[in-house]
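Take a moment to get the sequence and the 3D view side by side. We'll go through the model piece by piece.

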Amino acid sequence: MPELPEVEVVRSGLAPALVDATVSAVTVHDARALTRHPGSVDDFEQSLRGAHVVAVCRRGKFLWMPFTPAGGSNAARAVVAHLGMSGQMLLRFSGAPVERHERIRLDIDHPHHGALAVVFADQRTFGSLALDPLLPTTDAAPGGFGADEATVPAQVAHIARDPLDPALDETRLRRLWARKRSAIKRVLLDQTVISGIGNIYADEALWGARIHPETPADALSARHVTRLLAEIRAVLDKALAEGGTSFDAQYVNVNGQAGYFAHSLHAYGRTGAPCHRCGRPIARVSFMNRSSHFCPSCQRMPRTR
DNA sequence: GGGTAGACTTGCGATC
DNA sequence: CGTGCGCAAGTCTACC
């Protein structure tokens, strides 16, 4: 499920049930879901059993839950979750039947909500959970959305802040973009430059800003960049408000429900359909081993300099 | 360094 | 109807 709005829907759904909860049991059904965990399956289970969850945080498409270990004092580590292409975090009542594609289950006890199960299910196993040490952020700002502490898991340290993060350094971002000769879509998908944008929202933001996806980043004017940043934030905000984009059963919130943003798409997946601005057909081209969708009429390449 | 291709994996749907 | 193929919301690594 994948991009920022979908992951944020999951984060905000998990937070009320997980913050202040204690992990009572850990069940790993499929060790492939721990490929990013630096230790063994046993280490994962034992380190998490009895742990007390402190927060549920997100930067870009990465989620993490700082925890204090059983009998421990401060949160030095976090459970890191990445949903990959098809991961789900589901909240269930304690003892609920095993889900299709269930990989890992955390049984938790919450002071107000009682006994619950947090299920990590993932059809394609590109997603994963891991335990990871928390490192100080380089800018001393909170690590991400939902984080009070200025820390991020080691695996997230190289991921840039996302467009909805108040600590995003827009000056740095503009400088980076101005230096890159790569196609702007490639740069939007580079999570070390700005995070949280994937194939759907890259296409949507570029459509909104009327920018051809293969425009070299350094060919964009300051006006273009301003418009693009505004479109990125607008499309992410709107998708978040609509509960994310669901094409199939893969993306759902913690209760298994789909989002509505698929109805608001202007470019992504609309190959051959009339552009909502000019009526000409939306084009699809292969790009970076995936698809780009855009309007060849309203998203023109700028004149070469 | 930028870029590309490939690896990981399951399931769906249009095509033959 | 059966089969194989292309394609899918992501990230990381190896190699030019």
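Predicted model: local features only at pLDDT ≥ 70, side-chain atom pairs only at ≥ 80, totals over all residues.

Residues are numbered from 1 along each chain as its sequence is written, chains are lettered from A and ligands numbered from 1 in the order in which they are written, and side-chain values use heavy atoms, with hydrogens and water left out.

Let's start with the record. UniProt, in an unreviewed entry, places "domain: Formamidopyrimidine-DNA glycosylase catalytic" at residues 2-127. UniProt positions are given here in the numbering used for this model, feature names are shortened, and annotations may be inferred rather than shown by experiment. The span 2-127 is 18% helix and 40% strand, and its end C-alpha atoms lie 10 Å apart. Helices (H or I, at least four residues) and strands (E, at least two) are DSSP runs, numbered from the N terminus. The unreviewed entry in UniProt also lists "domain: FPG-type" at residues 266-300. Over that stretch, 266-300, the chain is 0% helix and 29% strand, with 16 Å between the end C-alpha atoms.

Now zoom in on arginine 11, which sits in helix 1 (residues 4-18). Is this arginine 11 buried or exposed? Arginine 11 counts as buried because its relative accessibility is 9%; buried means under 20% relative accessible area, exposed over 50%, and partly exposed in between (1.4 Å probe, protein chains only). Its side chain reaches the backbone oxygen of valine 56 at 3.1 Å. That's a polar contact, meaning a pair of N or O atoms within 3.5 Å; within protein, one must be able to donate a hydrogen and the other to accept it, and residues adjacent in sequence count only if both atoms are side-chain atoms. Not counting residues up to four places away in sequence, arginine 11 touches Val56, Cys57, Arg58, Leu63, Phe145 and Gly146. Contact here means heavy atoms within 4.5 Å.

Next, find alanine 117 in strand 8 (residues 114-122). Alanine 117 is buried, with a relative accessible area of 0%. Follow the chain to arginine 92, 25 residues apart from alanine 117, and you'll see their C-alpha atoms separated by 5.0 Å. Leaving aside neighbours within four places in sequence, the contacts of alanine 117 include Leu91, Arg92 and Phe93.

On to helix 3 (residues 170-179), where Leu173, Leu176 and Trp177 are buried. Those three are on the same side of helix 3 because they cover an arc of only 95° around the axis; the arc is that of the directions from the helix axis to the C-beta atoms. The buried residues of helix 3 pack against helix 4 (184-189) and helix 6 (222-241). Thr171, Ala178 and Arg179 are exposed, on the face turned away from the buried side of helix 3. Look at the N-terminal end of helix 3 too: aspartate 169 caps it, with a side-chain oxygen 3.2 Å from the backbone nitrogen of threonine 171.

Finally, the DNA. A residue is near a strand if one of its heavy atoms lies within 4 Å of it. Around DNA strand B you'll find residues including Arg32, Arg124, Arg186 and Asn289. The surface near DNA strand B has one nonpolar, five polar and five charged residues. For these classes, Ala, Val, Leu, Ile, Met, Phe, Trp, Tyr, Cys and Pro count as nonpolar, Asp, Glu, Lys and Arg as charged, and the others, Gly among them, as polar. A polar side-chain atom of arginine 32 lies 3.2 Å from a phosphate oxygen of DNA strand B, and one of arginine 186 lies 2.7 Å from a sugar or linking oxygen.

DNA strand C has 23 residues around it, and Met85, Phe247, Asp248, Tyr268 and Ser291 come nearest. A polar backbone atom of phenylalanine 247 is 3.2 Å from a base nitrogen of DNA strand C. Serine 291 has a side-chain N or O atom 2.5 Å from a phosphate oxygen of DNA strand C. Helix 5 (199-209) and strand 12 (290-294) are the elements that give two or more residues to the surface near DNA strand C. Serine 291 is found in strand 12 and is buried, with a relative accessible area of 13%.
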